Amino acid sequence: MKKHIFSLMLVAAAAMVACSDAPHLSLQEQEAYKFADNLIEKMTLREKIGQLQQFTTRTAAITGPDGVKRDTEACIRNGEVGSFLSIRKTEEMLRLQKIAVEESRLGIPLIFGYDIIHGCRTTFPENLAVSCTWDIEAIEHSARIAAIETAAAGIHWTFSPMCDISADPRWGRVSEGAGEDPYLGSKISAAMVRGYQGEDLSADNTIAACIKHFAAYGAGQAGRDYHTVDMSEMMFRDRFLPPYRSAVESGAVTAMSSFNDFMGIPASGSKWLLHTLLREELGFTGFVVSDYNAVHEMVRHATAADGKDAACQAMNAHLNMDMVYGDYLKYGEELVKEGKVSEKRINQLCREVLAVKYRLGLFDDPYKYGRQNHDEVMYRPDNLQFAREVAAKSMVLLSNNGVLPLKEGVKIALIGPLADAPRDQIGAWPGWGQAEHSVTIRKGLEQRFGAKNVIYAKGSDFRAPIKGGIDDAVRAARKADVVLLSIGLSYTESGEATSLTEITVPEAQQALLDAVKRTGKKVVVLLGTGRAMDVRNEIEKADAVLVTWHGGTMEGPAVADLVSGDKNPSGHLTMSFPYCVGQVPVHYNNKITGRPRKGPEHDKKYLSRYMYTPNEPLFAFGYGLSYTEFEYSDLQVLTPEVSLGGVVKVSVKVKNVGKRDGEDVAQLYVRDLVAETTRPMRELKGFERLSLKAGEEKVVEFEIPTSDLAYCHRDLTTYTDAGDFLVWAGADSDAKLEGKFTIK
Ligand code: BGC
C-alpha cells in the first residue's frame, strides 16, 4: 500500500478568495486591493461595469470575427470601457489614454493589450520552435526583450504565454505553445511570465502576462480549432493543468478563458474552472479576460439563451473582462437590478481589474508606456543577435547523411517558397514585427557564402505550381553543387483557425523536391513549419532534413550559421513528428495499456497496435541530431531509496565522441511501476542543456524532488506515492540507459 503524504491540493486555500486582508496576498496585492476598494466606493455601477469591458477600435488589428463598431471616444469619456486590444499605433494609445485620464469622470487609466506571442518588433521563432531550444534562460530572456519593446510600443499587457499542451499537429495553434510535455511546458510558461513581468511590474519596461487559454484548449477533438474538449479530470490534472499552474505560481496577473467547452461547459461560463480551480485551488489573484467574443459565444454553444444570459453566467463564474462583444456593458446594469448578479460580485470583478492597473503603476503615470525612444529600443543589434542565436538553437536536424555542414566555397541552389519569404518567417502572431526587417534565408546565405555562390529560384508557390517554376529550379540546381530546398507551410497555415487534416508538405512543393532530386544533386530540405508534420517523403528523398520552423526576424543568418557549420545544430523536438496523420494525437507519454505492444516481434493480434503502421512516431519527443555525436553511459542512481519529501538523484556521463564541439540536451524520464491510476510509460522529469568540446566528457546530475512525481489519484487529489520507479537518461524520449529507485 502506498502512503500519501504530499498533497498538492491546496484544500486549505479554499479560503483564498480575493479579499484585501487575506493573509496569502503579498503586500503589493494588499495595497492594490485597498486602492481599488477606495476607488470603487466613488464609482457608479455603470463605471464599474465599464472597467469590465474590453473593446477593439476601427483601426486596430483584427484577430477575430464581429469587431463591433463603436464610438471609441464616447465610450472612454463615459467610463464604459476599461481596456482596448490590438491597437497598432503608440500615438493612438497615448491619445486614448489622455481622453480616459482627462475627460472621463474619474480619470481611470485604460489598459492596452496585444498579442505579443513570440516577440514584439524583434521577432523570435514561433513558440513551438523556441521550446525546442530547451533553453529556459534564453526563453526568459526572449520574453524580457519582448516586454521591453512592447512597453516602448505603449502596450501594457500581452496575451501570452499560451500554456496549452497539445499533441495534435492538425491543430494550427501548436505553433504558439511549448509542445506535448507538461513538465517542459511548465518550465517554459514560468520563464515567460518572469520575462514579461520582471521583478517589478510597476517598472516602465515590464508588462502584464496572461495565462491562456484556460483551460485545455489544446485538446480540441480531432485537432479542429474551437472544438469540444472532453477528458477525465485525472488526465486534465496530470497532463494539461501543470503549465497553467506554474504560470500562476510565477505570479502572472491575468488569465484568459478559452473558447472551447470543457467537460460540457463553455470555459467562459465555468465557475469550476475560473473560480474553484483557478482561484481557490491554484491561488490566482489577478483578473480573467474572456477570449475574443467568448462570452457571447456561449449563445452559439447553446448553453446561454442570449447575450444577457451569457453575461450573467460569465460574471457569476468569476470572469472579469468581456473581450470585444460587449454583453457585459450592454446587460451588466440590468443583471444587477434584476438581482441576477450581485453588486458585490461586480465590485469584486472590478477591484481585480483595477488592482492590476494599479500594480502596473498606471495610476501613478498613465503615460509611462510608449514614451520611450523607439529608435533606441526596437530592433537593438544585441537583441537581433540574440534572436539569431535562439533561432539557430531552435532548429532541429532530423536526418543527415554527411551532406551537412556544407564545404567552404560550395555553390548553392537555394530553392523554394520559404527561401526568400520575409513575411512567412515571422510566422503567425508576429506582434509588431515587420516583414521588411526580416533577414531571409536567401540574404543570410548570401552574406555567409557570397552572393555569387547562391543561385535562387522560388520554384513553386506553397500550394500551386508557378509557371516555369520547376524549370527555373532545375536550371539552378544544375549550376550548383548542392540544393537547399526551403519548403513547408506558409504563415497563413500556422496559428489560429488553421487546422489541417493533411500534415505533409503540399504537393506542388513535393513536385519541386522530385524535380531537383532528379538532377542528381545533393538535396537538403529546410522545412519551414509551425507544427509537427509527416515528413516520410522528405526523409526518404533528401540527403538531410533540417527543421527551420518559422524562424523569426533573424531566421536567415541562423540557417547560414547551421548549414555552414559555424554553429552545430542542437534543437530537440518538443512535439513528436508522427509517422502519419492517422496516428495523431501522438506523444511519447502514452499511458500503459492492458495489451501493450512490446516490439515488432509481438506484432500480432490482440495487442494495442495498428495493423500496417508502427505505433511510434517517425521522430519522437526529445529527438535531434548534431554534427557531432554524444555518447551516454554510466547511469547511476545516487539515491536508490528516498523518503517521501526527499530528492532523488541520478547521474549520467555524456561524452562528445565526435570531432566538433557541440551542445546537447540530456533528458531524464521516469515511470511509476505500480500506481493507483494508470500512469504514462515515461514522463520527462529533468533535462539539462550542455555544451561539450570535441572529446570532452561531463557528468550530469539530475535532482528530482519527490513532489515532482505527484499524480492525480482516484479521489482526484494529487500527491506522491511511495513505490518503485524506473528511470532512463539519454538524448531523447527513447533513452535506453536504465536505473531504478524506490520512494519509501
Ligand atoms: C485568440 C487569443 C488572442 C485573442 C486576442 C483570440 O482569437 O484565441 O489567443 O489573445 O484573440 O487577439
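**Close-up 1. Arg 371 and its polar contact with Asp 365.** In this predicted model, the side chains of Arg 371 and Asp 365 meet in a polar contact of 2.6 Å. Arg 371 sits in the loop that links α13 to α14 (374-377). Its relative accessibility is 52%, so Arg 371 counts as exposed. While you are here, look for Glu 91 as well: 280 residues separate Arg 371 and Glu 91 along the chain, yet their C-alpha atoms are 9.4 Å apart.

Close-up 2. Helix α13 covers residues 343-359, 17 residues in total. From its first C-alpha to its last, α13 reaches 24 Å, close to the 24 Å expected at 1.5 Å a residue. Is the helix enclosed or open to the outside? Of its 17 residues, 13 are buried, so α13 is largely enclosed by the rest of the structure. After the helix comes Gly 361, with a positive phi near 85 degrees.

Close-up 3. The ligand is surrounded by 14 residues, and the closest are Thr 63, Asp 115, Arg 173, His 213 and Asp 291. For His 213, an N or O atom of the side chain is 2.7 Å from an oxygen atom of the ligand. For Asp 291, a polar side-chain atom lies 2.6 Å from a ligand oxygen atom. For Glu 496, the distance between a side-chain N or O atom and an oxygen atom of the ligand is 2.8 Å.

Close-up 4. The structure holds 0 disulfides. Cys 75, accordingly, is in no disulfide, and the nearest cysteine sulfur, that of Cys 350, is 16 Å away. Cys 75 is buried, with a relative accessible area of 7%. Now turn to Cys 163: which cysteine has the sulfur closest to that of Cys 163? The answer is Cys 210, at 8.9 Å, which is too far for a bond. Cys 163 counts as buried too, at 4% relative accessibility.

**Close-up 5. An open sheet of 3 strands.** The strand order here is β18-β20-β23, and the pairing is antiparallel. At the edges are β18 (630-637) and β23 (697-705), each of which pairs on one side only. On average, neighbouring strands of this sheet are turned by 25 degrees against each other, direction ignored. Strand β20 (residues 647-656) is joined to β18 by 6 bridges in the antiparallel sense.

Close-up 6. Strand β26 (residues 723-730) is mostly covered, with 7 of its 8 residues buried. Strand β21 (residues 662-672) runs antiparallel to β26, and 6 bridges join the two. A handy landmark in this pairing is Gln 667, whose bridge partner in β26 is Gly 730. β26 also pairs with strand β27 (residues 737-743), again in the antiparallel sense, over 7 bridges. There, Val 727 stands opposite Gly 739 of β27.

Note on methods
Residues numbered from 1 in each chain as written. Predicted model: local features only at pLDDT ≥ 70, side-chain atom pairs only at ≥ 80, totals over all residues. Heavy atoms only, no water. Pairing = 2+ DSSP bridges. Helix = DSSP H or I, 4+ residues; strand = E, 2+ residues; numbered from the N terminus. Axes fitted to C-alpha atoms, helices over the stretch in contact; angles between N-to-C directions. Expected span 1.5 Å × (residues − 1). Buried < 20%, exposed > 50% of the residue type's maximum accessible area, 1.4 Å probe, protein only. Polar contact = N/O pair within 3.5 Å; in protein donor to acceptor, adjacent residues only side chain to side chain. Disulfide = S-S within 2.5 Å. Near = heavy atom within 4 Å.
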